[in-house]
Amino acid sequence: MSIVTNLENLHLEIPQTVQLVCVSKFHPDEALMEAYQTGERIFGESRVQEMTGKYERLPKDIEWHFIGHLQKNKIKNIAPFVHLIHGVDSFELLSEINKQALKTDRVISCLLQIHIAKEDTKFGFSEDEIIEMLEEGIWKSFHNIKICGLMGMATFTDDKEQVSREFTTLHQLFSKIKNKYFSAESTFKEISMGMSDDFHQAIDAGSTMVRVGSLIFGSRVV
Ligand SMILES: *Cc1c(COP(=O)(O)O)cnc(C)c1O
């Protein structure tokens, strides 16, 4: 199957209201350009160096989403151009993104990552931790970041019910946080959940943004 066909098929299954992030990590520029030629403009990468290289070489109207685990000392490399950082998993990281965004005179959109999976290998805030941070309120003084919603990854399992429950939990937490800490018109409106294997369940549970890699570009070599 070609990238073009994969994208055609995928778009038949994703409602227009849900954004598709084409996860292009570990794939070469040519693969991204194939997707670009069909109209895709949103690409997700999980390594700073790889994303920066692709940003420099590829068309400037691409929106680069950082979806990996971000190290504080590397924020400065992506701060000048990143469109959305999906995996903000600590107050310290949020604070540092704000600092680097200020240096480059930008406001950077961020999603707070929530740990919804059973595995402890996945990063993210627990429900208690995120509520604590939001209650404390220092984030409100960060004028160079915009908190646009939540992001989560479900457990890697064949148990579709469990995956659905985890996504539903994330949606409920999203609503709770939105009601309590953000106004209805605020930028807090995205729930980034769903990958190649579970985007159907994620969309059913209220995802606004799916991050799909292997279904578009094939399996990764690394
Ligand atoms: C790699 C990755 C994806 C895409 O995974 P696929 O299973 O290839 O669709 C989505 N989200 C994150 C955070 C990833 O690291």
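The structure is a predicted model, in which local features need pLDDT of at least 70 and side-chain atom pairs count only at pLDDT 80 or more, while totals for chains, interfaces and linings use all residues. Residues are numbered from 1 along each chain as its sequence is written, and side-chain values use heavy atoms, with hydrogens and water left out.

**Exercise 1.** Determine whether E50 and K54, which form a salt bridge, are buried or exposed.

*Solution.* Begin with the rule, by which a salt bridge is a side-chain nitrogen of Lys or Arg within 4 Å of a carboxyl oxygen of Asp or Glu. The side chains of E50 and K54 meet it at 2.8 Å, N to O. Finally, both residues are buried, where buried means under 20% relative accessible area, exposed over 50%, and partly exposed in between (1.4 Å probe, protein chains only). E45 joins E50 and K54 in a network of salt bridges.

**Exercise 2.** Locate the two partners of the salt bridge between D61 and R41.

*Solution.* The closest N and O atoms of D61 and R41 are 3.0 Å apart. D61 sits in the loop between α3 (48-57) and β3 (63-66), whereas R41 sits in the loop between α2 (29-37) and β2 (42-45), so that the pair, 20 residues apart, links distant parts of the chain. D61 is partly exposed at 42% relative accessible area, and R41 is partly exposed at 27%.

Conventions:
Helix = DSSP H or I, 4+ residues; strand = E, 2+ residues; numbered from the N terminus.
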